[in-house]
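Dear colleague,

Please find the structure below, handed over for your own work. A short account of the findings comes after it.

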Amino acid sequence: MPINDIPILSMLRERMQWQQARQQVLAENVANADTPDYQAKDLAPLDFSQQLTAALPLERTNPNHIADASGGGSQFATGGGGPYEVRPRGNTVSHEDEMMKVAGNQMDYEAATEMYTHSLNLIKLAVKE
Amino acid sequence: MSMDFLKSLTIAASGLRAQMGRMRIITENIANADSLATTPGGDPYRRRIVTFSSELDRSIGADVVKLGRVQPDNTDFLVRHEPGNPAANAQGDVKYPNVNTLVELTDLRDAQRSYEANLNIVTATRKMMQLTVDMLKG
């Protein structure tokens, strides 16, 4: 069994990729904080339940069962709530907002890498025993 | 995998460069706040304004910021009656640059704040890259 097939590791990997993509979007926002008519962007949150069903798919044991409707669609689509404020130049980037998001993103990424290392250590422990 | 982080760094660097260019123009304005005409009755230094534009960088597929054309500020010059001034016209009026130092300083503060925000992105991204490498330590 390749290591990438272990559900928790593949989930964490996807989470980290999402955070990398988000970091890029946040960097774009901050760089364009003074560009006229620029609209602040953000990624749609990563859906945990969808991730879980992808990692542990539901099996249909009977053809009469209703098929699982979840899945599909791009989970990395950019979406966003209403802007906090719109400046006279039509720019919706708020520095404070972006800095909070960057800090949060960094902490979440740290948590994901910690969990990844921890999960690997558990596997190592199992191999040793 | 960490290509995305490099992209973030490139974007933040474009922001730093743009803010740096903005600061340069602001300093030019402040330095020339008293630059009068060299000929009698001529026009003094005209204030300049930077523009920003969002541009798609095809090599990384993201919106980076570019410094657009630097445009002149077309507001009226300040006119003072100083007949003894070498730059005065026949009526003894001297045109002074349309630079308001207070406005320029406020703008400079704003540029500094944006610069710091971009720098913050670089720091955060570098930390995240370090965390990725640290996973190797186990």
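Predicted model: local features only at pLDDT ≥ 70, side-chain atom pairs only at ≥ 80, totals over all residues.

Residues are numbered from 1 along each chain as its sequence is written, and chains are lettered from A and ligands numbered from 1 in the order in which they are written.

Chain A has 3 helices and 2 strands (DSSP runs, H or I of at least four residues for helices and E of at least two for strands, numbered from the N terminus). Along the sequence they follow the pattern α-β-α-β-α. Of the 129 residues in chain A, 26% are buried, that is, with 20 or more other C-beta atoms within 10 Å of their own, the C-beta atoms being placed from the backbone.

At the interface, 26 residues of chain A are in contact with 30 residues of chain B (C-beta atoms, placed from the backbone, within 7 Å). On the side of chain A that touches chain B, α1 (7-31) and α3 (95-128) are the elements that give two or more residues. The largest share, 12 residues, comes from α3(A).

In chain B, helix α2 (residues 101-134) has 34 residues. Its buried residues include B:Ala111, B:Ile121 and B:Met128. The cover over the buried residues of α2(B) includes α1 and α3 of chain A, together with α1 (3-31) of chain B.

With kind regards

Notes: Contact = placed C-beta atoms within 7 Å. Expected span 1.5 Å × (residues − 1). Buried ≥ 20, exposed ≤ 12 C-beta atoms within 10 Å, placed from the backbone.
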